[in-house]
Structure formats: C-alpha cells, structure tokens
Amino acid sequence: MSLEGRAIGFTVNGAPVSLDISPVRRLSSVLREELHLIGTKVGCDAGDCGACTVMLDDEPVCACLVPVASVSGRSVRTVEGLANGRLSALQASFLEHGAAQCGICTPGLLVAGTALLERNPEPTEEEVRDALGGVLCRCTGYRKIVRAVMAAGAQGSLPVDVGAAPHPYPLHKDGERGASTLVPPSPRVRGEGKGEGQRQRLNASGDRPVSPLAGQAVGARVPRLDGMPKVTGIESFGADSFPDDALSVLVIRSPHHRAEFAFGDLEAFVARHPGVVAVFTSADIPGRNRFGAIQPFADQPALAERAVRFRGEAVALVAGERRAIAEIDPAEFPVEWMALPHMLTPGEAQGENAIRIHDNRPGNLLVQGYVERGDPDKALAEAACSASGTIETSFVEHAYIEPEAGWAEMDGGTLVIRACTQAPFMDRDETAIVLGLSPKKVRIVPTATGGGFGSKLDLSVQPLIGLVALKTGRPAALAYTRAESMMSTTKRHPASMKATIAADATGRVTGMIFEGDFNTGAYASWGPTVANRVPVHACGPYSTPNYRAIGRAIHTNGPIAGAFRGFGVPQATIMQEALYDELAGKLGMDRLEFRLKNALRNGSETVTGQRLESGVGIADCLEALWPHWERALADAAAFNEGSGSVRRGVGIASCWYGCGNTSLPNPSTIKLGISVDGAVVLHQGAVDIGQGSNTVVTQICADALGLPLSAFRLLSGDTAITPDAGKTSASRQTFVSGKAAEKAGRALREKILRFANVSPAAELSFEAAVLVIGEGGERRRVDLTSLAVDADGFVFTAVETYDPPTLPLDEKGQGKPYAVYGYGAQIAELEVDMRLGTVKLVKITAAHDVGKAINPLLAEGQIEGGIAQGIGMALMEEYVPGRTENLHDYLIPTIGDVPEIETILVEVLDPEGPFGAKGLGEHVLIPTAPAILNAIRHATGVLVTTVPATPTRVLAAIRSAEAAL
C-alpha cells in the first residue's frame with residue numbers, strides 16, 4: 001500500500017469527512033491531529049490500554065491499531081459524538097457515581113460502555129466486565145465504573161440536560177484551563193445510611209449526589225466539579241494541545257544500564273535529515289545540569305554527561321518538524337556506547353526475572369533513616385515469644401495511562417511550559433536552575449494530569465522542551481512513548497527487609513527491630529524521603545515501646561525509584577503485618593483481636609515519642625471490621641470443608657500514614673477574592689491529578705466562607721496566577737491546602753462581616769453583582785461595582801497560608817514528624833488453587849478513618865483505586881528493565897481482577913485538619929498487599945516472601961512446605 005497521501009472519506013460522529021492522507025496513518029492520530037477530536041486519548045499505541053477506543057460501524061475498536069484506509073466509507077463514533085453536545089445517560093451516570101477520576105481512560109470506557117448498552121440495555125455485572133475488559137484504568141479501581149454502566153442501563157439511554165451537571169473548565173484557544181463557575185448537579189434524593197457513632201457505611205450504589213446549600217458542602221456527595229470535561233472528552237491533557245507549528249522533540253536514550261558514550265558528527269547528522277533543526281546535548285544546558293526533588297541530593301542531569309547510569313537515561317535531543325522527526329530511526333543517531341559492568345543482577349529465587357540490589361557496599365549508600373526508642377534488644381531477649389522474617393519486593397511501575405507530555409514556548413522573555421505535573425512550583429524552580437533562568441522567567445501551566453501517583457513529581461519533559469524552546473525560539477512539543485515512559489521514569493523502590501517483633505504472654509507487643517534496604521536506583525529522586533519515612537512507620541499503627549528501625553536508600557544502576565503512593569510504607573507494612581499474623585498464631589490469639597489489643601489510641605506515644613492526644617482512629621477501623629471478619633472466617637471454614645484443591649483464606653492488615661512531609665516545612669497558600677460581578681474566585685494551586693482536590697478544597701472553602709459552591713470560580717495550578725499550594729503528594733492536599741482554604745474562607749468572611757458591621761451569624765448571598773448580607777430579618781445589599789478594586793479586580797480578598805506544626809527528629813528519630821496521621825484496616829478474602837498456585841480474590845472490606853469525609857463519593861473512589869493498585873503490587877506487578885516496558889508484558893489489574901469492595905468510612909475528627917479531615921490517598925494502598933499475603937498464608941499455610949505473589953511463587957512455596965513435612 002502506498003504511503004503517499006490519497007483521498008479517504010468516512011463519517012465521524014454523523015458528519016462526512018474527506019482527507020488527503022497517508023492510508024497507513026493510525027486512526028487515533030488522524031482523529032486527534034487532523035480532526036482535533038482529542039477525546040480519543042493515546043496511552044500506548046499498541047492496543048494494550050484501550051484509551052483510544054472508538055466505535056467503528058458501532059463496534060468498539062482500538063483506534064491506534066486501525067489504519068485509516070480501513071475506515072474508508074465507514075462510520076466512526078468518538079466520545080464527542082455520544083450525545084451530540086449533550087450528556088448521554090452513561091456520561092451523566094459516570095459523573096453521578098464518581099466513575100471518572102483523572103479522566104484519561106474515561107472516553108475509552110464510555111465508548112465501550114455505550115457500545116454494550118446499545119446492544120444490551122440491561123447488562124449483568126459479568127457482561128459489563130467482559131465489555132470493558134480491554135480498557136485499563138489506574139485510578140478508580142473499576143467498581144464505580146461498573147456501577148455507572150449498570151445504572152445507566154437501568155435508566156435508559158436518553159440524553160441528559162447539560163445544565164444539570166457541573167460546568168467544565170472552558171478551554172481557551174491556547175489550551176489553558178480558564179476560570180469557570182463551579183455548579184453542582186440539580187438536587188437529587190439522598191439515601192445515606194448512618195452507622196454507629198462516627199462510623200458511616202457508604203458502599204451502597206444507591207447513595208445519590210446532592211446539591212448542597214450554603215454551609216452544607218462539607219460532607220456532601222458532590223460530583224467532581226471538574227467532571228464535565230472528563231466525560232465529554234474535551235479535557236486537555238499534556239499531549240492534547242500541541243501547536244501546529246511546534247517543533248517535535250526526539251529524545252536519544254541509553255540502551256544500557258551503565259555505559260560511557262561519545263558523540264559522532266552531530267552537524268553531519270542534522271545535514272542528512274531535512275527538517276531537523278538542531279541537536280542538543282548536555283553542552284547546551286545553560287544552567288546547572290542537575291535536578292532532583294530533595295536538596296542537597298539533586299544529582300540527576302537533564303542530559304547525561306559522558307556516562308549513563310541507567311537504561312533509558314537521556315543523552316541528547318533532536319528537534320525538528322513533525323514529519324522529519326517521525327522518520328528518524330534513533331539507532332542512526334551518531335553516538336558510540338561503551339557498556340560497563342553494572343550493579344544489577346537477575347533474581348535467582350525460583351528463576352524469576354526480577355532485578356534486585358546486587359551491591360550495597362557503603363559507597364552505594366545514599367542516605368539512612370533511623371528511629372530508636374527504649375531498649376529493643378532487651379525487649380526481644382526477655383519476650384514470651386517472637387517472630388522473625390525476611391521479605392523482598394520488586395520494582396513497581398506507576399503505569400498511569402497518560403505518558404508524560406507537554407509543550408513549551410517563549411512568551412516575550414518568559415518561558416511558558418504546559419505539561420502534566422504534580423508540582424508546578426517545584427517544576428518552575430528546578431527548570432529555572434537547569435536552564436539558567438530566574439524563576440520569575442519560567443511559568444508552568446499544568447495541563448490535566450492523567451494519573452501521577454508520585455512519578456509526575458519528578459521532572460521529565462519540562463527541562464527538555466524548555467531547552468529547545470529557549471534555544472530555537474520556536475514552540476517545542478514532546479510526548480513520551482509508552483516504552484520511553486516505562487524505561488525512563490521512576491518506580492516504587494524494591495525492598496529487602498528483615499524484622500523481629502516480640503510480645504509478652506498476654507499478647508502485648510514489647511519490642512521490634514526492623515532493617516530495610518530500598519533500591520533507589522541510579523539517582524536520588526525521593527530516596528531520602530523513603531529512607532526517613534519508613535523507620536517512622538515500620539511499626540504500623542501499634543504501640544511499640546521498644547523499637548529500632550533502619551531504612552537505607554541504596555544506589556544501583558536500576559531505574560530511578562521515586563515517590564509512589566506510600567513512600568516505602570507499603571513495603572515495610574508487608575513485613576510488619578506478616579509478623580503480626582505469626583505472633584498471633586504463636587500466642588493462640590485471633591489475628592484481629594491481637595491487632596486491636598496493640599492498636600494506638602488517644603494518649604498513646606508513637607515510636608518517635610510523639611504523644612497522640614486525639615483523633616486516633618485505628619481501633620475504630622478494626623472494630624468496624626469485626627462482623628465482616630467473623631463472617632469471612634465462617635465462610636472460609638465452610639468453603640474449605642468440601643473445596644478439594646481450592647482453599648479459601650482470609651487476611652487482615654492495618655495502616656497508618658503521616659500526612660505531608662517528614663519533619664520538614666510543608667506550607668500551602670490559598671488566595672480568595674470577591675469579583676465585581678459577584679463571584680468568589682478561588683486561586684487554588686493544588687494540582688488535581690484525579691484525587692479530587694479541585695472539588696474537596698472548594699467544598700471546604702465554601703463552608704468556611706458561608707456561600708454555596710455555585711458562587712465559586714476556580715483558577716488552578718498556573719504559577720503565574722495562583723500561589724504555591726505545594727506538591728500533590730504525601731496525602732497533603734485535603735489536609736494542608738484544605739486547611740489553607742478554610743483559613744482563607746474564614747478570613748474573607750470576617751472582612752465582609754466587619755465591612756457590613758454584622759455579627760458572625762450573618763448570611764451571605766449574591767444577586768448578580770450585588771452582595772446580600774442578611775441578619776435577623778434585615779438584608780443589606782452591597783453594590784460590588786461601586787467598591788474599589790485591587791490589581792486582581794477584587795473588592796474583598798484574603799490570602800492565607802498553612803504549614804502543619806511538626807518538630808525535627810533528633811539523632812534517634814525522636815520528635816514530631818507529622819501533625820496528622822490517617823488510619824485504616826482491610827480484610828481480604830480469596831481462593832488459592834493448591835495445584836496451580838493461582839489466586840482469585842473474592843472480596844475486600846476496607847475501613848478507613850478519614851477524620852471528616854469532606855466528600856464521601858470521592859473518598860470511596862480513592863479507597864477503591866488504592867486497593868486496585870495494592871492488588872497489583874501483591875499479585876502481579878513486577879517491573880524488569882528491558883523486559884516489561886509496555887502494558888502487554890507489564891501486568892496491572894484489569895476490570896476483571898478487582899473483586900467486590902465494601903467501603904466503611906470511619907470519621908474520627910482531628911482538631912488540626914480542616915473540619916476535622918485527614919489525608920486519605922496514600923493510606924488506602926498500604927494494607928491491601930499485606931492483607932492479601934496473609935490471606936494466602938491462611939489458605940495455604942505458607943507465606944510468600946518474594947512479592948508479587950505470582951502463581952509460580954505461590955506454588956513453589958506450597959511445594960517447599962510439602963517437601964519439608
């Protein structure tokens with residue numbers, strides 16, 4: 001087939017299209033680049049993720065696998081055409097059920113779901129799983145997606161009036177997210193059941209969204225305020241708004257784990273490739289060619305200098321016209337590699353392919369964290385019983401569906417970068433250092449971020465596209481391929497851990513010693529954070545009077561290990577919770593009872609000597625699980641009486657997690673103003689990567705101010721227009737930015753009340769450009785247009801900062817590392833085939849203390865999504881450099897892998913958090929893997945000590961135990 005352009009005609013969303021185009025172009029590329037239908041997202045270009053799903057003659061297909069020639073004369077329907085400018089019932093159901101989080105996979109899921117409902121209006125859950133099984137989601141845990149599809153089928157397929165749904169952030173012509181009024185849906189019936197005390201069961205899909213009045217936003221099940229663009233497909237992610245005249249950037253990367261290199265004739269290379277504008281190397285970096293998340297550990301070059309330390313490290317950039325760059329084979333680039341010995345070795349146990357720490361000599365030690373309290377050696381020596389063990393975990397890939405992407409341009413003397421990110425101000429400052437610019441001359445405009453989970457804290461595209469734009473004066477665009485993303489970005493730290501825990505005869509834990517080496521890879525990234533956070537948390541949420549824990553970050557030539565939902569705590573919790581099960585068995589105690597006996601409570605002191613005066617919710621979580629635990633154990637016993645080779649097991653594990661940075665400043669600033677046209681403008685820089693901060697922070701601010709959500713406009717993320725709200729990490733945004741928003745709301749309210757000379761009981765409302773202040777039957781009307789305005793156009797304004805109160809840790813790790821902790825516990829029920837080693841999950845029940853559930857709908861989504869990632873860590877996810885650099889060979893949970901999840905929200909208010917709220921996002925992943933591993937041991941009698949517990953490893957552990965009998 002000819003590669004030259006020819007006329008191809010087809011129908012898209014009911015409209016005829018004729019294009020003069022190469023017949024072998026991918027349909028996904030044609031839809032996005034020629035027809036500007038950005039709702040068709042690209043996550044892999046290999047048919048693995050399903051984000052690009054469209055309907056071809058009413059059948060769902062991956063558009064990235066379809067050559068445009070094959071659609072000639074046929075009909076294509078994309079997410080933009082599901083309801084012709086309105087919301088379909090399925091799109092509305094996705095909003096109502098919280099089925100969209102980051103939104104990158106949402107269009108593909110909506111198209112696949114629509115295809116199913118059009119041929120089967122009332123599908124079963126199994127039919128929904130089958131129909132949507134080809135679309136991967138990394139955020140939601142799939143459960144709300146299944147509920148949304150089934151509910152839409154039951155409701156019928158009539159379109160829904162867009163006016164009844166949240167307004168989108170309108171997209172300006174340059175692709176920036178602009179300000180918009182945030183309007184929640186019309187009022188709906190709320191069927192919310194209350195449990196005992198502060199416990200609230202919110203697992204029923206019948207709970208409906210509400211439209212809260214002033215002062216009633218906190219605690220309401222408000223659908224995501226930025227949800228409309230996600231379900232309509234107009235949300236603009238990193239690769240969705242490249243200018244037509246932008247230079248494309250090709251990154252030349254190392255194929256070796258460690259090597260020296262030398263360039264050939266770069267000028268001749270450029271001359272041989274018409275359309276190539278320039279090649280850039282480290283010699284072209286105008287500033288300091290080092291960046292990193294933690295100072296003084298900033299050690300990673302934007303472009304390597306003479307030597308590389310990991311596979312995928314960038315050494316050069318090729319910038320040119322789009323077609324010219326597309327035709328370049330990177331293997332032709334003039335660079336000579338001289339491979340060197342590296343500090344990686346294939347894993348040897350059971351012949352697995354894992355690559356683990358090979359050499360942890362002192363010279364490879366990056367940093368060590370340490371916590372010691374009491375006399376753990378004496379406690380272990382005098383204990384009635386103890387349990388010891390070792391656990392190893394693997395590299396885990398973040399596997400967000402959106403690869404890193406963005407574009408940069410010079411706007412006068414300012415470098416403007418639009419890219420997916422979790423930390424715009426950190427991006428600004430580090431990019432400025434690399435490029436030799438003042439931070440004031442760098443502006444970061446976050447696009448929508450299609451998942452992050454920690455990896456998009458690290459610089460990826462920003463300094464590269466910034467360098468090209470700075471040097472050429474042309475816009476420069478870069479979107480990583482899936483292979484680039486997986487080989488060059490950060491992973492969860494592999495860990496090699498050992499520990500001993502001791503208890504007295506009554507079941508009280510008396511001491512613990514923990515030691516863990518965490519493979520931080522070639523550069524520091526967030527290794528120091530992991531090494532320091534792990535020793536604080538390795539005891540779990542339990543009273544441990546005598547304790548010593550060491551966490552080491554070790555350099556190797558592996559991929560950089562950075563932040564990943566939990567910062568090392570999920571690995572350490574596997575170790576600790578496995579030993580808790582073993583201790584309970586030795587003591588003859590019920591496993592949940594043993595945990596409850598040792599749980600931290602109000603007035604307890606932690607291993608760092610921090611006294612927890614109030615807000616400790618772990619016992620509440622464990623107590624909430626009692627009836628589920630008893631039922632699950634009874635079900636397992638009954639199942640196992642006649643199951644043959646399949647055995648049922650039940651496991652439990654707990655978690656705690658400090659919200660924010662460890663003993664470091666962690667401020668967030670929120671700005672709030674009343675505009676002359678009668679709106680509350682919220683300058684909120686807390687980047688929403690799917691977790692819901694745009695909605696939650698607005699809910700908090702609305703109730704603090706005393707105005708409804710419909711009064712708010714949101715300006716988010718842009719370093720030129722919002723204050724620094726800190727990075728989206730460490731479960732800090734609801735707690736820290738939410739507290740800043742609460743303070744700003746209260747400060748602005750006080751200014752207004754003082755202006756009007758009324759009491760705190762006064763009520764506020766808007767009537768167009770008139771502020772109405774009511775008190776005791778009296779109403780005062782303030783014409784906003786008559787008041788003086790500041791430089792931002794505000795007549796009243798407030799700017800507030802919140803920095804959690806913490807104290808440094810001393811040489812023994814004693815101090816106050818966090819102001820607030822969140823708590824949780826989970827039960828895993830599963831079945832193991834003793835002949836094959838396969839594991840089938842039956843149910844997970846999760847009780848999490850969130851302080852105050854600012855938005856129960858979104859909290860549920862965070863719990864379900866975290867559990868899905870915990871399932872992957874426990875059972876299937878193992879990144880091997882050079883072998884699992886795609887979403888076909890690297891396995892993440894699909895819609896068929898996530899079982900029923902029952903969520904119990906426990907609300908033990910914390911006086912420090914906004915309206916009593918605590919963080920949640922990191923916590924929920926932590927107990928899932930240990931609960932699953934403990935359930936496998938309950939079913940089989942053996943503990944799998946190398947994670948993930950693949951069928952090969954489970955079966956090997958079973959056979960080894962049998963041979964030892």
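How far apart are the end C-alpha atoms of helix α3 (residues 106–119)? The views below come from a predicted model, and the first one takes up this question.

**View 1. Helix α3, its length and its cover.** The end C-alpha atoms of α3 are 20 Å apart, which agrees with the 20 Å that its 14 residues should span at 1.5 Å a residue. Helix α3 is also mostly covered, with twelve of the 14 residues buried. Among these buried residues are T106, P107, G108, L109 and L110.

**View 2. The largest nonpolar core.** Here we look into a core of 160 residues, where F94, F514, I932 and I936 have the most contacts. Helix α16 (residues 618–641) gives the most to this core, nine residues in total. Another core lies apart from it and has 42 residues, including A702, A762, A819 and V820.

**View 3. A closer look at I936.** Leaving aside residues up to four places away in sequence, I936 touches L830, V832, V839, L875, G941, V942, V944, A949 and V954.

**View 4. A cis peptide bond at P948.** The bond from V947 to P948 is cis, and its omega is near 15°. You will find P948 in the loop between α20 (928–940) and α21 (951–964).

**View 5. Two residues with positive phi.** R565, in the loop between β25 (546–555) and α14 (569–587), has a phi near 25°. N757, in the loop between α18 (733–756) and β30 (763–767), has a phi of about 55°. R565 is buried, at 7% relative accessible area, whereas N757 counts as exposed, at 68%.

Notes: Residues numbered from 1 in each chain as written. Predicted model: local features only at pLDDT ≥ 70, side-chain atom pairs only at ≥ 80, totals over all residues. Heavy atoms only, no water. Core = buried A, V, L, I, M, F, W, Y, C linked by side-chain atoms within 4.5 Å. Buried < 20%, exposed > 50% of the residue type's maximum accessible area, 1.4 Å probe, protein only. Helix = DSSP H or I, 4+ residues; strand = E, 2+ residues; numbered from the N terminus. Contact = heavy atoms within 4.5 Å. Expected span 1.5 Å × (residues − 1).
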